[in-house]
Amino acid sequence: MKLINIGFGNMVAADRVISLVGADRAPIKRFIADAKAAGKAIDATCGRKTRSVIITDSDHVILSAIQPETVSNRLNGCAPDDGGEDEDEDE
């Protein structure tokens, strides 16, 4: 099983990911609110701003504080960036 780092030491099973989207649009914010109400949201942001939303095949919604492009690169097996955006960025 391949695990993907989604920030702050949190991992997601790569083969369970269905979709990866940015969190800045109103429909996605409503989707997150619905998932929280249903108990299907997993907040892996460690108190930071939600930047990407990962939807799994079990209908769980995982919130991450790293950019969707970074998660996408990790899912596709590209070399992870060393920009330090996982733990160093305060917003």
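This is a predicted model: local features need pLDDT of at least 70, side-chain atom pairs count only at pLDDT 80 or more; totals for chains, interfaces and linings use all residues.
**Overall fold.** I first looked up the secondary structure and found two helices and six strands, which follow one another from the N terminus as β-β-β-α-β-β-β-α. I then noted that 33% of the 91 residues are buried, and that the chain exposes about 5400 Å², of which carbon and sulfur atoms supply 49%. Among contacts with a separation of 6 or more, 54% are between residues 24 or more positions apart.

**Sheet.** Next I traced the open sheet, in which four strands stand in the order E3-E5-E6-E4 with mixed pairing. E3 (17–22) and E4 are at the edges and have a single partner strand each, so one side of each lacks a neighbour in the sheet. On average, neighbouring strands here are turned by 20° against each other, direction ignored. I checked E5 against E6 (residues 61–64) and found them paired in the antiparallel sense over four bridges, with Val-53 having Leu-63 in E6 as its bridge partner.

**Helices.** I recorded H1 (residues 26–38) as lying across E3, E4, E5 and E6, at about 120° to E6, while H2 (residues 68–75) lies across E3 and E5 and runs at about 155° to E3.

**Thr-45.** Where does Thr-45 lie? I placed Thr-45 in the loop between E4 (41–43) and E5 (52–56). Because its relative accessible area is 2%, where under 20% is the cut-off, Thr-45 counts as buried. Its side chain makes a polar contact of 2.5 Å with that of Asp-43. Leaving aside neighbours within four places in sequence, I listed Phe-8, Thr-50, Leu-63, Ser-64 and Ala-65 as the contacts of Thr-45; of these, Leu-63 is the bridge partner of Val-53.

Methods
Residues are numbered from 1 along each chain as its sequence is written. Side-chain values use heavy atoms; hydrogens and water are left out. Buried means under 20% relative accessible area, exposed over 50%, partly exposed in between (1.4 Å probe, protein chains only). Contact means heavy atoms within 4.5 Å. Accessible areas come from the Shrake-Rupley method with a 1.4 Å probe; for residues, only the protein chains shown count as cover. A polar contact is a pair of N or O atoms within 3.5 Å; within protein, one must be able to donate a hydrogen and the other to accept it, and residues adjacent in sequence count only if both atoms are side-chain atoms. Two strands pair if DSSP finds at least two bridges between them. Axes are lines fitted to C-alpha atoms, for helices over the stretch in contact, and angles run from 0 to 180 degrees between N-to-C directions.
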